[in-house]
Amino acid sequence: MEDTLKILIVDDDEVDRMAVRCALTKAGIQMELSEVGDGNDAFSILSTTAYDCVFLDSRLLERDGLTLIQQLGSSEIKVPLVVLTGQEDDQSGVQLLKAGATDYLYKSRISPENLAQVLRSAIRVYRAEMQAALANQQLRESHKQLIRKNQELERQQQQLQMQNFKLSEASLLKSNFLANMSHELRTPMNAIIGFSQILLRPKFGELTHQQTDMVERILNNGKHLLMLLNEVLDFSKLEGGRLDLKAEIFDVSKVINLAVAEMRSLADVKNLSLLVQTDLQNTLVFNDPVRIKQILINLLSNAVKFTESGEIWVEVKELPANKVAIIVRDTGIGIAPKDFKRIFEAFRQVDQTLTRKYPGTGLGLAIIDSLVRMMGGKIFLESKLGIGSMFKIELPRQITLSAPTADTLPLQVDGDRVSCSAKNPHHSSSQAWQANRIS
Ligand code: ADP
């Protein structure tokens with residue numbers, strides 16, 4: 001309280017005012033003192049000038065019926081108010097505080113020490129109240145802001161939900177379109193392939209060398225196109241959850257050898273050695289042989305496509321916990337670690353340019369990823385740029401098909417074949433595989 005304090009004494013009794021003035025002066029308080037004789041004058045002066053404290057005679061309060069305090073309150077004029085009262089009972093003191101006074105002092109106790117003490121404490125209490133009020137005000141503001149932000153977030157969330165809904169609807173439409181389109185295109189494509197094969201048979205008449213060459217091209221391109229259509233069809237079925245696994249007990253080594261035999265001519269064209277090693281005590285598995293072959297053909301065609309020289313190895317081996325691993329290694333261009341995750345996404349290729357060297361739909365690995373997860377297995381990838389790649393697929397020897405529901409069919413026994421169908425439980429192509437680097 002070192003600064004000069006602006007103090008107002010409101011009392012209609014000149015003697016009482018002097019008593020307060022003297023006590024304050026004796027207490028050594030640095031002050032600028034003003035004095036008024038009634039509530040109206042006090043209100044006028046307080047409306048224009050800021051005071052650090054007001055000493056108010058309680059008799060004025062009684063006469064003006066608390067008008068001064070109410071006027072100050074409704075005009076938002078805030079000032080520490082010490083009421084000087086002649087009634088020495090606590091009850092009236094409490095009433096004064098309730099009415100809005102900051103503190104009160106019995107007139108009989110007016111002394112320099114008491115007045116200075118009550119002045120200091122009134123100012124302290126007033127400042128603390130102001131700070132609390134300010135903090136409260138700030139809290140209310142931030143609460144309002146939070147409510148506004150919450151409302152905004154809720155609005156954005158609703159918009160996102162709406163957009164998500166529209167997106168999944170559009171995605172479903174796209175999948176259905178792809179499935180229908182590729183299905184429809186397969187029929188004329190089969191006719192093109194079938195008739196070009198017939199044309200190449202001598203019993204339908206001799207073709208010139210040039211004609212044979214042209215029909216062979218039609219046949220090869222037709223087969224390639226059919227393969228692409230099948231990929232698109234499989235992918236859209238997987239996305240729409242409409243692809244069935246038709247599981248049965250079969251010799252996995254035979255299926256692996258069949259797939260390798262199909263790919264051998266392609267490897268021979270590029271002078272790549274294609275080696276197979278089967279290391280299984282029990283070669284029987286319960287799975288979908290068509291899909292296992294498809295997975296291997298896909299991995300092998302990638303290995304051949306992305307390898308210019310060297311070898312491709314296929315290895316099948318037993319793993320603990322009744323699992324089987326199918327491994328395809330190559331000495332090809334390799335894959336950078338930053339692309340490990342991306343290449344399992346649909347339509348993703350390391351080289352996405354139109355002038356890329358290696359053709360393809362970018363669907364092979366996405367299809368493998370979904371199929372392997374449907375089978376309850378995992379894919380591991382190790383690769384190093386310029387050295388080669390290794391794709392390892394770990395599968396349970398016996399896949400578990402989801403419990404028979406409207407979507408699944410029960411096991412069917414037909415002679416010595418046991419088969420069963422399962423709908424694809426995974427619609428999205430999220431990454432269930434694990435990627436590692438060759439260290
Ligand atoms: P596609 O082969 O039709 O492009 P995939 O989904 O089979 O589609 O493969 C995606 C991408 O992953 C390929 O475009 C290629 O960039 C990369 N890739 C896959 N297999 C190999 C491999 N054995 N060696 C190098 N890159 C590969």
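**View 1. Cys53 is a buried cysteine, with a relative accessible area of 0%.** Buried means under 20% relative accessible area, exposed over 50%, and partly exposed in between (1.4 Å probe, protein chains only). Cys22 is partly exposed, at a relative accessible area of 41%. The count of disulfides comes to zero. A disulfide here is a pair of cysteine sulfur atoms within 2.5 Å. This is a predicted model, where local features need pLDDT of at least 70, side-chain atom pairs count only at pLDDT 80 or more, and totals for chains, interfaces and linings use all residues. Residues are numbered from 1 along each chain as its sequence is written, and side-chain values use heavy atoms, with hydrogens and water left out.

**View 2. Helix H6 packs against helix H7.** H6 covers residues 112-200 and H7 covers residues 209-239. Helices (H or I, at least four residues) and strands (E, at least two) are DSSP runs, numbered from the N terminus. The H6 and H7 axes are 8 Å apart, at an angle of about 155 degrees. H6 is therefore roughly antiparallel to H7. Angles under 35 degrees count as roughly parallel, over 145 as roughly antiparallel, 65 to 115 as roughly perpendicular and the rest as oblique. Axes are lines fitted to C-alpha atoms, for helices over the stretch in contact, and angles run from 0 to 180 degrees between N-to-C directions. The contact of H6 with H7 has 16 nonpolar, eleven polar and five charged residues. Nonpolar covers Ala, Val, Leu, Ile, Met, Phe, Trp, Tyr, Cys and Pro; charged covers Asp, Glu, Lys and Arg; the others, Gly among them, are polar.

**View 3. Strand S12 is mostly covered.** S12 spans residues 388-396, and eight of its nine residues are buried. Strand S10 (residues 323-330) runs antiparallel to S12, joined by eight bridges. Val328 stands opposite Phe391 in S12. Strand S11 (residues 378-384) is also antiparallel to S12, with seven bridges. Two strands pair if DSSP finds at least two bridges between them. Lys384 stands opposite Gly388 in S12. S11 and S12 form a hairpin, with three residues between them. In the turn, Gly386 has a positive phi of about 80 degrees.

**View 4. Leu395 sits in strand S12.** Leu395 counts as buried, at 4% relative accessibility. Leu395 and Leu319 are 76 residues apart in sequence. In space, the C-alpha atoms of Leu395 and Leu319 are 9.2 Å apart.

**View 5. Helix H10 is largely enclosed by the rest of the structure.** H10 covers residues 364-374, and eleven of its eleven residues are buried. Among them are Asp369 and Arg373. The buried residues also include Leu365, Ile368 and Met374. Gly376 follows H10 and has a positive phi, near 75 degrees.

**View 6. Glu76 has a positive phi in a residue other than glycine.** The phi of Glu76 is near 60 degrees. Glu76 lies in the loop between helix H4 (67-74) and strand S4 (81-85). Glu76 counts as exposed, at 60% relative accessibility.

**View 7. Asn322 has a positive phi although it is not a glycine.** The phi of Asn322 is about 55 degrees. Asn322 is placed in the loop between strand S9 (311-319) and S10.
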